[in-house]
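Me: I would like to go through this structure slowly, asking what stands behind each description.

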Amino acid sequence: GIKKVFIRSGIRYDYVMADRDKTFMKELCEHHVSGTLKVAPEHIAPEVLECMRKPEKRVFEQFAAAYEKTNRQLNKKQYLIPYLISSHPGSTLEDAIELAEFLKETGFVPDQVQDFYPTPGTLATTMYYTEKNPFTMEKVFVAKKMQDKKMQRALMHFHKKENKAMVIKALTVAGRKDLINKFYPMKSR
């Protein structure tokens with residue numbers, strides 16, 4: 001008696017991109033998305049993605065382009081929402097700024113941003129406590145101070161009015177005042 005099955009999130013976009021004939025993407029967009037699809041690139045900075053053991057940014061970009069193209073061909077208005085994590089081990093303030101710039105340039109507005117919190121038994125928690133990548137034993141930056149975490153989170157939601165002061169502070173701390181006008185253009189008089 002099931003007539004429709006909709007997928008809201010949980011798609012491994014890197015696996016979808018590995019489908020050589022693209023039948024899964026067409027099937028997904030045509031029959032199983034009900035307006036929005038959430039996927040989890042989680043970040044876009046190479047060092048952070050390496051710590052997360054996630055595919056590189058270009059795979060997400062390819063998925064987003066293919067998703068948009070497929071929906072356009074099907075004459076459907078369906079949107080893609082990225083799921084992101086702030087302050088993951090390996091994510092510096094500069095990496096958070098890179099992610100904010102990506103969001104600004106692409107027009108993606110994250111529905112949710114999750115702050116990283118250590119979870120027992122995970123690779124990320126090992127990095128959080130040891131401040132090392134267990135595979136390479138190289139030092140990994142970990143944002144543990146509340147101020148550092150707030151700045152990274154605010155950057156991902158730069159579009160929210162209540163985050164403007166924190167974003168400007170983050171850009172100033174990072175020596176990137178040159179980007180303030182990019183995020184908050186001066187209105188013409």
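Me: Which residues does Leu-37 touch, leaving out those up to four places away in sequence?

Reply: This is a predicted model, in which local features need pLDDT of at least 70, side-chain atom pairs count only at pLDDT 80 or more, and totals for chains, interfaces and linings use all residues. Residues are numbered from 1 along each chain as its sequence is written, and side-chain values use heavy atoms, with hydrogens and water left out. With contact taken as heavy atoms within 4.5 Å, Leu-37 touches Ile-7, Arg-8, Ser-9, Ile-11, Leu-28, Phe-63, Tyr-67, Tyr-79, Leu-80 and Ile-81.

Me: Why is Glu-101 called buried?

Reply: Buried means under 20% relative accessible area, with a 1.4 Å probe and protein chains only; Glu-101 has 17% relative accessibility, and therefore counts as buried. Glu-101 lies in helix α5 (residues 93-106), where a helix is a DSSP run of H or I with at least four residues, and Glu-101 touches Leu-179, Lys-182 and Phe-183, not counting residues up to four places away in sequence.

Me: What makes α7 and α8 roughly perpendicular?

Reply: Helix α7 (residues 146-156) and helix α8 (residues 164-173) pack at an angle of about 110°, taken between N-to-C directions of lines fitted to C-alpha atoms over the stretch in contact, on a scale from 0 to 180 degrees. Angles of 65 to 115 degrees count as roughly perpendicular, so α7 and α8 are roughly perpendicular to each other. Their axes are 8 Å apart, and among the residues of α7 that meet α8 are Met-151 and Leu-155.

Definitions and conventions: Helices (H or I, at least four residues) and strands (E, at least two) are DSSP runs, numbered from the N terminus. Angles under 35 degrees count as roughly parallel, over 145 as roughly antiparallel, 65 to 115 as roughly perpendicular and the rest as oblique. Buried means under 20% relative accessible area, exposed over 50%, partly exposed in between (1.4 Å probe, protein chains only).
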